[in-house]
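Hi there,

Here is the structure I promised to pass on to you. Have a look at it first, and then read my notes below.

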Amino acid sequence: MSKHPKFMVYSIDGVPHGLMQRMFDEGIMPNLANLASQTGLRQMRSIQPCVSCVAWTCFMTGKNPGKHGIYGFIDRREGGYDLAFPNQSMMTSDTLFDILSKAGKRVFSMNVPVTYPPRQVNGIQIGGFLAPNLDKIAYPASEGDYLKSINYVCDNDAALARQDKSAFCKDLMNTHERRMEAMFHYLEQEDWDFFHTHVMGSDRACHFLFGEMLDGHPEFEPAFFNYFRAVDESVGKLLTILGDDVPLMIFSDHGFCRIIHEVQLSKYLIDKGWTVPAEQPQHPLSIDPAKSKAYCLIPGRIFINLEGREPGGIVPLSEYDQVRQQIKADLLDLKDPKGNPVIDDVVMREDAYWADANGENLGTISPEESAQSGGTYGKAADLIAVPHDGYDLKLGLIAPEIFINTAMTGMHSYHDAFMVSRGVELPQDNLEIMMLARCILNTMGLPVPEDMDGEGKAITPNFDLSCYA
Amino acid sequence: MDYLDELESQSIYTIREAYHHYPELCLLWSIGKDSTTLLWLVYKAFFGKIPFPCMHIDTTYKFPEMYKFRDHWAKEFNLDLQVYTNQEAIDRGVTYDTHDSIEVCTELKTNALKQAIAKYKYKALFVGIRRDEHGIRSKERYFSPRNQKFEWNYKDQPPELWDQYKNETQEDDHIRVHPLLHWTERDIWHYIKREDIPINELYFAKDGKRYRSLGCMPITNPIDSEADTVDKIIDELENTNTSERAGRAQDKEEAHAMQKLRALGYM
C-alpha cells in the first residue's frame, strides 16, 4: 500500500468562494467538486489587513497579528523611516509546524507564505515565495539539491505579467507542474503526520487575470480556467493517494474581486496634509518626519507619527486619538472619480488586535494605552482602512494621481475565502482562518497552547462592513 | 586555556597551515571588525609582520571613516595594501542611484574580486566570515574551494575531521580560507576588548545610533544604540535578539524580496 499522510492540507491561495462554486458548476474542477458534494463548500473570513502573509501566519500560528507580529509585506525598520521586509525570523510565535515538531510529529510544509527562512522542524520545511534561491529555501538545506534536480520553481514570475500575459500563463502552468512533482515525491517518502502543500499561482492568476476572466477575454479566460483545471487534476491525484479517511482541508486564505481602481493612499494622506514626503523620496516610506503627523504602509495601514514611539515622532500622546479620528473621517470621505465611497470602514488597532491570552483586551483598552504598548502588539498600525471591494489600497508616495489602473485586475477580498474539509470538526458559524490551527490540533489529539486564539472572545470581530449589510 | 585562547589558537593554526600551502596568498580586508580581527590574528601568528598582501575591494561607496581608518592602520601595521576597484563598471556608470543594489554589488564587489584574483593570480584568500552571520554561511568550511566562476558547491566539500584540512585545488580554482568560522559576533567583541584591537569609530554609538555591520553607505543603516564603548556593545549583544545584519538594508535577500513585492504591486 502506498504511503499517505495522517493529516493533509492543500491550500489554494486567494480563490474566492463564489468563483469556486462557479468552477464546480461549470465542471472546471470536477475532483474538488465531487469531494465538496459530500462535505460541503463553506465560506470563510480572512484577516485585516487582507494579504497572504498575514492570513497564512494567522493560519499557522492560530493567533491574531497582535501575537505573531506579521502585519503586512512591508514594515518600518526600527530606528528610522526605512523599509523592512518581514519574514519567518520576525514571527514571534510558534507555528503549527513547530508545535507538531515539538510533539514528536513528522511534518512537511512546502511553499506556505512566510515560511522563509525555514525553521528547524521535525521533517522538512520548504519556504515560500520570498525565498531568494533554492540553496536557502529548505530545511534541511540539502533538499534544495533535489528541488534543483527537478527544476523546481519557487514562485512564478509576476513581473512577466506586466510585460506579456501569455508568457505569464505558461509560467503559471510550469510552476504548478514543478511544485506538484515535488509534492508527490515527498508524499511517497514517508507516512507524514502532517503534510501541507501550498499553491500560490492561483493568487497570481487572480491578480493579473481576474478582470479578463470575468469579461470572457478570448485568450485569458480559457488560460485562467486551464490553470485551475491543472490544479484540480492534482487534487484528483492527491485524493486517490489519500483514500477516503485521511483528515483533509482544502481552502484559500482570502477571496478576490475585480479592481475598480488602485488607490494611492499615501498620495491622499499628502493631499490632506497628514504626510509630507521627503525632498527626494527613495522608497514608499521616504517621509519628512518633522512635518508628517501620519504615514501609510500597504495595505491601508496608517501609523500616527507619535512622539516617543516613532523615531521622529511629532504627535503628542494627548492628541493621538484626536488625530486618529480626524484621519478616519478623511478616509471615510474619500470618493472615486464617479463619487463612490472608497473606504468601507476604519478600524482602530485596539479594536482589531489583542495580545492577551484569551482576547479580553480586545476593544477594552484605551487608545492611549494601546498606542504605547510595546512588543509584537505595539507594531500594529494605529488605523486599518478597510476598502470597499474593488478599491485596492496601495502606497504611492510620489504618485501623480490617487486613482490609477495597471496590469493588475484583481484584488483581495476579506469575507469570501472558501473551505472544503473532511474529518475535521470546524466551528459551525462565522468561520475565520485564525480558527483552523486549533481544529487541526484537536483532530490530531494534541493539546492547544493556552495563548492560541480562535475561540471565545479571541476571534476577529465582525467589523461594520458593507459585505455583511 | 580560556575560551578566547582556544578560539585564537585554532585560528592561528588555520592561518599558518594555509600560509604553508599557498605562497600566493592574500587577506581580504573589508575594514570591518571581523577582517580587522583576522588581520590582528595574522599579525600575532607571524610575530608582528604580515607576510603577504592585504586587499581592499573598494566599491568607492564606503564611509569616509572607513577610508581614513584603512589608510591609517595600513601604515601602522606596515601592510602591503592593494586597493582594487572595478573601474570598468564605474566608467560604464554603475551607481546606486541608477542601478539596483544587487547589480551594483555584483559589479563592484563580486566582479571586482574576480578581476583582482585574475590580475594578481592568488591561489588562496583569507576571508573573515563567521558561521553565525548568515544561514548559508553555516555550511562553510575552513578551507572552501571555489572554481573560476566563483561557484561554491557546498555538497562537494572535503571533510574536515580532526583538524585535517584538505587544501589541494585544481589548477584554475582558488581556495577561501576562513580562520574565524567558529567565532560568534560576541566572541569577536570579547577578543577586541582583550587584545585592544583598533576598531572603526562607526561601531560606537553617536547621538543614539551605531553601526553593527559595515557595508556600502547607500545600503547600510545604523541601529538605535547607546553603546559607545566595547563593554557596552558586549552588554547590548547579550541582551538583543535582532540579527547582526539587520542594518544592512538591502542585502541581496532584501533586494530580492523588494523586486518580488514590486512585481506584485506591494511597493
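First, some ground rules. This is a predicted model, in which local features need pLDDT of at least 70 and side-chain atom pairs count only at pLDDT 80 or more, while totals for chains, interfaces and linings use all residues. Residues are numbered from 1 along each chain as its sequence is written, chains are lettered from A and ligands numbered from 1 in the order in which they are written, and side-chain values use heavy atoms, with hydrogens and water left out.

Let's start with helix α3 of chain B, residues 64-76. (Helices are DSSP runs of H or I with at least four residues, strands are runs of E with at least two, and both are numbered from the N terminus.) α3(B) has 13 residues and spans 19 Å from first C-alpha to last, close to the 18 Å expected at 1.5 Å a residue; that expected span is 1.5 Å times one less than the number of residues. Its buried residues are M66(B), Y67(B), F69(B), R70(B) and A74(B). Buried means under 20% relative accessible area, exposed over 50%, and partly exposed in between (1.4 Å probe, protein chains only). Seen down the axis of α3(B), the buried residues fall within an arc of 160°, so they line one face of the helix; the arc is taken from the directions from the helix axis to the C-beta atoms. On the other side, P64(B), K68(B), K75(B) and E76(B) are exposed. The buried residues pack against α2, β2 and β3 of chain B, where contact means heavy atoms within 4.5 Å.

Next, where do the chains meet? The contact takes 32 residues from chain A and 23 residues from chain B. Two salt bridges are found across this interface (a side-chain nitrogen of Lys or Arg within 4 Å of a carboxyl oxygen of Asp or Glu). R77(A) and E254(B) meet in a salt bridge, at 2.9 Å from N to O.

Finally, K379(A) sits in the loop between α14 and β15 of chain A. The C-alpha atoms of K379(A) and D75(A) are 8.6 Å apart, although 304 residues separate them along the chain. Beyond its neighbours within four places in sequence, K379(A) has contacts that include Y71(A), F303(A) and R349(A).

Enjoy exploring!
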